[in-house]
Amino acid sequence: NPPPYRFELYRCSGFSFNLSNAVLIHSTSPAAASYSSLVDTTFNDTGINTKDSAWSYKLIFYSNNDTVGSSAPASSVYLNVQSSDQSLYLSWSENVPWMNDSFAIYKLNKVTSVYNPIDTVYTHSYTDVGLINDSNYCYYVQTYGHYTLDSFSKSLINNSQEDCSI
């Protein structure tokens with residue numbers, strides 16, 4: 001696989017990734033002249049509406065402008081909060097190629113304006129009880145996962161969007 005080498009990051013809305021509907025949102029530039037000059041990078045995707053939709057991503061690797069490989073698509077975590085009498089029901093979804101083991105629930109402290117962890121669960125739902133009706137409560141979920149192959153990182157952490165309900 002001769003140089004130059006580059007990565008392209010694509011995004012599309014929803015849980016299912018479709019390259020024909022995807023938008024190129026980042027590319028390594030300039031292309032690297034050697035493997036050793038490739039730098040492990042991060043990308044902060046800003047300016048998107050995470051309130052109304054999940055987002056899916058795919059990374060493609062090129063050598064000499066030919067596709068060498070690509071990641072499996074992975075979506076963001078999408079939280080939904082539904083109201084009930086003196087409680088709120090939280091549920092979330094994601095479409096990822098790794099295993100999520102646990103989910104930490106964070107709730108906004110109205111006094112400090114800081115999100116604090118309130119519980120950890122092992123299913124895709126949580127009910128916050130003992131709440132005051134007609135009061136607004138805000139949450140986000142943090143997922144903890146891993147790939148099943150030992151050669152990959154053991155700690156994959158993802159946050160949902162913040163969501164509020166009364």
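**Close-up views of a predicted all-strand model**

Cys12 counts as buried, at 5% relative accessibility. Buried means under 20% relative accessible area, exposed over 50%, and partly exposed in between (1.4 Å probe, protein chains only). The model is predicted: local features need pLDDT of at least 70, side-chain atom pairs count only at pLDDT 80 or more, and totals for chains, interfaces and linings use all residues. Residues are numbered from 1 along each chain as its sequence is written, and side-chain values use heavy atoms, with hydrogens and water left out.

**View 1. The protein chain has zero helices and 13 strands.** Helices (H or I, at least four residues) and strands (E, at least two) are DSSP runs, numbered from the N terminus. The C-alpha trace spans about 65 × 30 × 30 Å along its principal axes. Of the 166 residues, 37% count as buried. Contact means heavy atoms within 4.5 Å. Among contacts between residues at least 6 apart in sequence, 57% join residues at least 24 apart.

**View 2. The largest nonpolar core has 14 residues.** Such a core is a set of buried Ala, Val, Leu, Ile, Met, Phe, Trp, Tyr and Cys residues joined through side-chain atoms within 4.5 Å. Leu79, Leu88, Leu90, Trp92, Ile105 and Tyr139 have the most contacts inside the largest core. At least two of its residues come from each of β6 (78-84), β7 (87-93), β8 (99-109) and β11 (137-146). Another core lies apart from it, with six residues, among them Tyr10, Phe17, Ala22 and Tyr62.

**View 3. Leu90 and its contacts beyond four places in sequence.** Its partners include Leu79, Asn80 and Val81. Ile105 and Tyr139 also touch Leu90, as do His124, Ser125 and Tyr126.

**View 4. The largest pocket has a volume of about 1,500 Å³.** A pocket is an open set of points on a 1 Å grid over the protein atoms alone, where a 1.4 Å probe fits, with protein on both sides within 12 Å along at least five of seven lines; lining residues have an atom within 4 Å of a point. Grid points are joined across faces, edges and corners, and the volume is the space filled by probe spheres set on the points. The lining of the largest pocket counts 40 residues, and Leu9, Tyr57, Ala74, Trp98 and Asn158 lie nearest its centre. Two or more lining residues come from each of β1 (5-13), β2 (23-27), β3 (55-63), β5 (74-75) and β12 (156-159). By class, the lining has 21 nonpolar, 15 polar and four charged residues. Ala, Val, Leu, Ile, Met, Phe, Trp, Tyr, Cys and Pro count as nonpolar, Asp, Glu, Lys and Arg as charged, and the others, Gly among them, as polar.

**View 5. Cys138 and Cys164 form a disulfide.** The S-S torsion is about 105°, so the disulfide is right-handed. Cys138 sits in strand β11 and Cys164 in strand β13 (residues 163-165), 26 residues apart. Cys138 is buried, at 9% relative accessible area, whereas Cys164 is partly exposed, at 34%.

**View 6. Backbone details at Pro3, Pro4, Ser113 and Asp134.** A cis peptide bond joins Pro3 and Pro4, with omega about 0°. Pro4 lies in the segment before β1. Ser113 has a positive phi, near 60°, in the loop between β8 and β9 (114-121). Ser113 is exposed, with a relative accessible area of 57%. Asp134 also has a positive phi, near 65°, in the loop between β10 (125-129) and β11. Asp134 is exposed, with a relative accessible area of 73%.

Notes:
Disulfide = S-S within 2.5 Å.
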